[in-house]
Amino acid sequence: MEWLRLLLLLLLSIFMCNVKLKWALGSAFGSDLNQLTRELFESAREPEFSDWMRRVRRRIHENPELAFEEYETSEVIRLELESLGIEYTWPFAKTGVVASIGSHSQLQPLFALRADMDALPIQELVEWEYKSKNPGKMHACGHDVHVTMLLGAAKLLQQRSSELQGTIKLVFQPGEEGHAGAFYMLKEGALDKVQAIFGLHVAPEMPTGTIGSRPGPMLAGSARFIATIQGKGGHAAMPHATRDPVLAASLAIISLQQIISRETNPLEARVISVGFIEGGQAGKVIPEMVKFGGTFRSMSTEGLSYLMQRIKEVIEMQAAVQQCNATVDFLEDKLKPYPATVNDEAMYKHAKSVGESLLGEPNVYLLPMTMGAEDFSFYSQKMPAAFFMIGANNETLKSNSKQLHSPYLFIDEEVLPIGAALHAAVAISYLDSHLVGTH
């Protein structure tokens with residue numbers, strides 16, 4: 001039995017050596033990460049650097065462009081990349097730009113950082129020097145900030161390009177606001193061979209200097225519908241001679257809510273919201289036709305498919321009960337449904353550890369799931385992905401809104417160097433550790 005005792009002692013010795021080695025490697029990685037984040041943040045906060053980012057952001061903010069119309073925004077991006085000596089390819093999805101920094105070796109990892117470029121059809125109501133110059137258009141979702149943070153990261157990464165242990169793609173994407181720009185970027189091969197991706201979105205309700213996210217499902221899958229109910233119009237005094245589409249639409253809208261209240265597990269998040277209804281114009285006339293439409297959302301692809309099926313069935317059946325006809329258009333050709341945004345657990349942990357190193361552990365929040373939607377979800381379907389919110393609220397500034405898509409949105413520009421440093425640190429440390437394998 002002496003040989004067995006010696007074998008156990010040998011195995012125990014090997015185990016303890018591995019534990020010590022892992023501890024030493026972990027400590028070394030943590031120390032290196034702290035140094036990396038500190039250096040990147042200090043560089044991004046230098047007056048010349050941060051002033052440059054402010055100028056870029058304000059230039060983009062003054063000239064907001066809607067989905068797939070971001071031609072001047074794209075030109076600004078390309079000019080800045082050229083001034084930094086960074087190679088890029090364009091156009092993808094009409095206006096998209098993909099830059100590349102690093103070794104360009106096919107034997108080393110390929111990581112992506114993403115920013116969206118498009119604005120919203122909203123009239124800006126904040127009075128300041130750099131207010132939107134395009135009537136009815138505004139960067140009310142912070143995409144001007146996203147672009148600028150990624151350009152800031154580009155400058156930081158280019159300064160270290162010879163040291164990168166792989167290649168970093170910088171993805172400037174059009175058409176996020178309802179038009180699935182990410183889907184078309186993927187379709188056109190903009191992210192071929194990319195192994196993982198990271199993205200940021202400003203959060204005006206969170207203080208500047210904080211970030212937040214969660215592992216697994218984070219944002220809902222989303223789709224839209226428009227229903228048309230055809231009846232038979234006539235005088236309101238003689239309803240028996242009509243087939244009332246207003247009544248059919250009213251019953252259909254009420255019945256849609258029963259899909260949520262009576263067919264959905266109360267512990268599962270789903271939403272059906274009707275946002276508009278159009279009918280006749282005269283109070284004493286029953287119209288021929290009524291249109292209504294809205295959005296439906298779920299945290300899973302299966303849930304979204306179920307809602308789509310039941311919305312169609314309920315509307316058609318309720319119309320038939322009132323002797324009307326109904327058609328339901330899910331606008332899949334014009335407004336492609338978004339899948340749920342799901343954070344890869346390893347990528348989430350990686351970005352979280354970088355954020356804690358940069359900002360401190362108390363300033364990295366675990367956020368709840370929300371029913372908002374993002375086309376970053378298309379990337380998360382194809383590769384390990386992490387999507388984080390970054391705080392951009394300063395109570396001393398003039399903002400009257402802590403909500404996105406508001407005409408009063410006003411962003412604290414101190415977020416710019418934080419986002420630039422975070423982007424760069426997540427990418428560099430990913431290449432150094434290569435935490436996530438390819439899919």
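The numbered points below describe a predicted model of a protein, going from its overall make-up to particular residues.

1. Overall make-up. The protein has 439 residues, of which 51% are buried, and its secondary structure comes to 10 helices and 16 strands. Taken along the principal axes, the box filled by the C-alpha atoms is roughly 95 × 75 × 40 Å.

2. Salt bridges in general. The structure holds 17 salt bridges, and some of the residues concerned are joined in a network, which links Arg 54, Arg 57, Arg 58, Asp 144, Glu 413 and Glu 414.

3. Glu 39 and Arg 160 form a salt bridge in which the closest N and O atoms are 2.7 Å apart. The two residues are 121 residues apart, with Glu 39 in helix H1 (residues 2-45) and Arg 160 in the loop between helix H4 (143-159) and strand E4 (167-173). Glu 39 counts as partly exposed because its relative accessibility is 28%, whereas Arg 160, at 19% relative accessibility, counts as buried, the cut-off for buried being under 20%.

4. Two further pairs. In the salt bridge between Asp 116 and Arg 114 the closest N and O atoms are 3.6 Å apart, and both of these residues are buried. Glu 127 forms a salt bridge with Lys 131, where the closest N and O atoms are 2.8 Å apart; Glu 127 is exposed, since its relative accessible area is 58% and the cut-off for exposed is over 50%.

5. A patch of negative charge. On the surface, Glu 42, Glu 46, Glu 48 and Asp 51 gather in a patch of negative charge. One of these residues, Glu 48, is found in helix H2, which covers residues 47-62, and Glu 48 is classed as exposed because its relative accessible area is 67%.

6. A buried threonine in a loop. Thr 210 lies in the loop between strand E5 (196-207) and strand E6 (211-213). With a relative accessible area of 4%, Thr 210 is buried, and its side chain reaches the backbone oxygen of Pro 207 at 2.7 Å. Is Thr 210, then, to be described as buried or exposed? The relative accessible area of 4% places Thr 210 among the buried residues, because buried means under 20%.

How values were computed. Residues numbered from 1 in each chain as written. Predicted model: local features only at pLDDT ≥ 70, side-chain atom pairs only at ≥ 80, totals over all residues. Heavy atoms only, no water. Patch = residues over 30% accessible without salt bridge, like charges linked within 9 Å, V, L, I, M, F, W, Y side chains within 5 Å. Areas by Shrake-Rupley, 256 points an atom, 1.4 Å probe, with all protein chains shown as cover. Salt bridge = Lys/Arg side-chain N within 4 Å of Asp/Glu carboxyl O. Lys, Arg positive; Asp, Glu negative; His and termini not counted. Charge placed at Lys NZ, Arg CZ, Asp CG, Glu CD. Helix = DSSP H or I, 4+ residues; strand = E, 2+ residues; numbered from the N terminus. Buried < 20%, exposed > 50% of the residue type's maximum accessible area, 1.4 Å probe, protein only. Polar contact = N/O pair within 3.5 Å; in protein donor to acceptor, adjacent residues only side chain to side chain.
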